[in-house]
Amino acid sequence: MKILLVGARGMLGSECREVLSQSHEVIAPDKKELDIISWDGVIENLQKVLPDAVVNCAAFTDVDACETEPFAVRKTNIEGPRNLAQGSARFQCKLVHLSSDYVFDGQKMMPQPYFEDDFLNPISAYGKSKMDSEVAVRENSPNYVIVRTGWLYGIHGRNFVKSIVSQAVKEHSKVLRVVRDQFGSPTWSYRLALQIKVLLENDARGTYHATAEGYCSRLEYAEHILKKLDLPVMLQACDMDDLNYPAKRPANCLLENRLLKKQGIHIMRNWKEDLDLFLEKYGKQLIGEARTRKPKKKQV
């Protein structure tokens, strides 16, 4: 299978490039070579590559910045996917598009998860942009896979695990404030890349949820990381409202991977199992990077 991978330098894109290239031909242009907000650029690349599938890992993912940069968000998160969907339809190839748990309002009572066909009601600019991106894909591509996920972490890019380790190393004498009233499923980007590979190889179509099994609060997530890496840092529980985030966040981010299981192509694992594997493999590297990186004053 020939795959055109967009956003290959990001957290998930890097993993997809590694995983998919093991058994498929992967073409991964950088942003200069393929900017998805350029219709002409999308068509030129598709015509040149003639892929069997396009995997879109490019997105504007800074949830708070989305509140103040509507133009950039619309271009990257909505117009870009629309261009890819229309281009994929023209060249008759599958489009795999990544979406988010933030398309839901998070008001379901815990521990009830969200299903693929639940009503979408985003409460942030980022969530709305991802909802609109899904609409753009569905309306313009006859052969698509939308993958909703959340709470991604990995060795590439910025994420919660790296933030907690960095703050623990740099501010070990201080108390870290972490929210206790947001719940989700920490999901390893490498595992998600493997799941995307399975979806492609099974010619899947439609909208899927793909997160780790099980769930925890942000506070429990942080506690697990610090305990596993033996970082003696005090945590202070707080609520999301205490941190005055510019963007609202859903309290319940649980997604049920119902369709993956129904079709017998589910490979996602329990969040603790994958997180432990990740920390065993990369923990020392994360601590070393944190010690040499300039500290950033940012709460989680």
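Which residues does L95 touch, not counting residues up to four places away in sequence? I looked this up with contact taken as heavy atoms within 4.5 Å. L95 touches V54, N56, P81, L84, A85, S88, V137, S141, N143, Y144 and V145.

**Entry 1: basis.** I am working from a predicted model, in which local features need pLDDT of at least 70, side-chain atom pairs count only at pLDDT 80 or more, and totals for chains, interfaces and linings use all residues. I number residues from 1 along each chain as its sequence is written, and side-chain values use heavy atoms, with hydrogens and water left out.

**Entry 2: L95.** I placed L95 in strand 4, which covers residues 94–100. Helices (H or I, at least four residues) and strands (E, at least two) are DSSP runs, numbered from the N terminus. For accessibility I used relative accessible area: buried is under 20%, exposed is over 50%, and partly exposed is in between (1.4 Å probe, protein chains only). L95 counts as buried because its relative accessibility is 1%. I also took one C-alpha separation: L95 and T149 are 54 residues apart along the chain, and their C-alpha atoms are separated by 16 Å.

**Entry 3: helix 1.** I checked how far helix 1 (residues 11–20) is covered, and found 8 of its 10 residues buried. The buried ones are M11, L12, G13, S14, E15, C16, V19 and L20.

**Entry 4: salt bridges.** My criterion was a side-chain nitrogen of Lys or Arg within 4 Å of a carboxyl oxygen of Asp or Glu. The count comes to 18 salt bridges by this rule. I then went through several of them.

K128 forms a salt bridge with D132, and the closest N and O atoms are 3.0 Å apart. Both residues lie in helix 4 (residues 125–140); they are 4 residues apart, so about one helical turn separates them. K128 is partly exposed, with a relative accessible area of 44%, whereas D132 is buried, at 18%.

E134 and R148 meet through their side chains in a salt bridge, at 2.8 Å from N to O. This pair links distant parts of the chain, with E134 in helix 4 and R148 in strand 5 (residues 144–149), 14 residues apart. I noted both E134 and R148 as buried.

The side chains of E213 and K261 also meet in a salt bridge, at 3.1 Å from N to O. Here too the pair links distant parts of the chain: E213 sits in the loop between strand 10 (206–209) and strand 11 (216–217), K261 in helix 8 (residues 258–262), and they are 48 residues apart. E213 counts as partly exposed because its relative accessibility is 23%. K261 counts as partly exposed as well, at 35%.

I also recorded a network of salt bridges that links R74, K75 and E79.

**Entry 5: cysteines.** How many disulfides does the structure hold? I looked for pairs of cysteine sulfur atoms within 2.5 Å, and the structure holds 0 disulfides. C66 is in no disulfide, and its nearest cysteine sulfur, that of C253, is 15 Å away. C66 counts as buried, at 2% relative accessibility.

C253 counts as buried, at 3% relative accessibility.
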